[in-house]
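Please consult the sequence and the structure shown below.

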Amino acid sequence: GAGIPRLTLLALAAERACSALQPRVVLTFLEALLHSRAVYAGARRACPGVRLWSAQHASYCRDKTFGVFDGARELHGEPDGCPLPAPDGIFVMGTVSESLWRASGYPADAVVVTGGLRYLDAGRPHRRGPGQPMAVLIGASMLADDELDLCEAAVEAVRGLPVRLRLRDHPYANLSERPAFRRFRDAIEVTTGTADEDLDASDLLLFSHSGLAEEALVR
């Protein structure tokens, strides 16, 4: 695919921007994802002394390998002396994330608990009126097979109950447009609102891998 040339161009763009601006600090919001790694590589080429930091953008668990990695190889370049592009430090949402990044090899002063950038406005909790069905929102991720299983389980779980099922597509993966979703069209409504609107209108969120879960929990 186009991944390698696209990321190469992103690294080149970061190098040119940093050459012109000569920043002392570069801040990203995608931690160790490939897009940020390309920015780190370009910034390092242009400004060898620049400090690279990233702010945690979503939830983490030990199954999310782009959040927990091998510090010996990635940070220290073992065994060949070629470390991968990585941030010098991470601003994290809470103590759970802090422990995961520390387990990845980051020292204490490189993992700072600051909270999450995406939860500045927690909104208000949804209040269901008398006689209204429970509104259940399914927050889809980019893993279509898991989400289709979740949709099937949700439909079976609420069969015969006063529950309204709604699906919020992931911004980069429209589960609702997949042929395999057609069988749920009569049972699951597809939302078109913003994340705030969808959460404000929901009583419960079902999820598998979505960062939308934290936003629901904050509410």
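Predicted model: local features only at pLDDT ≥ 70, side-chain atom pairs only at ≥ 80, totals over all residues.

In which loop does Q22 lie? Q22 is located in the loop that connects α1 (3-21) with β1 (25-28).

**Positive phi values**
- Q22, a residue other than glycine, has a positive phi near 50 degrees.
- Q22 counts as partly exposed because its relative accessibility is 47%, which falls between the limits of 20% and 50%.
- E31 is also a residue other than glycine with a positive phi, in this case near 40 degrees.
- The loop between β1 and α2 (34-46) contains E31.
- E31 counts as buried because its relative accessibility is 0%, and buried means under 20%.

**Cis peptide bond**
- The peptide bond from E78 to P79 is cis, its omega being near 0 degrees.
- P79 belongs to the loop between α3 (71-74) and β3 (89-92).

**Surroundings of D70**
- D70 is situated in the loop between β2 (51-55) and α3.
- With a relative accessible area of 32%, D70 is partly exposed.
- A polar atom of the D70 side chain lies 3.1 Å from the backbone nitrogen of A72.
- When residues up to four places away in sequence are not counted, D70 touches L75 and S104.
- D70 and A103 are 33 residues apart along the chain, and their C-alpha atoms are separated by 9.0 Å.

Technical notes
Residues numbered from 1 in each chain as written. Heavy atoms only, no water. Helix = DSSP H or I, 4+ residues; strand = E, 2+ residues; numbered from the N terminus. Buried < 20%, exposed > 50% of the residue type's maximum accessible area, 1.4 Å probe, protein only. Contact = heavy atoms within 4.5 Å. Polar contact = N/O pair within 3.5 Å; in protein donor to acceptor, adjacent residues only side chain to side chain.
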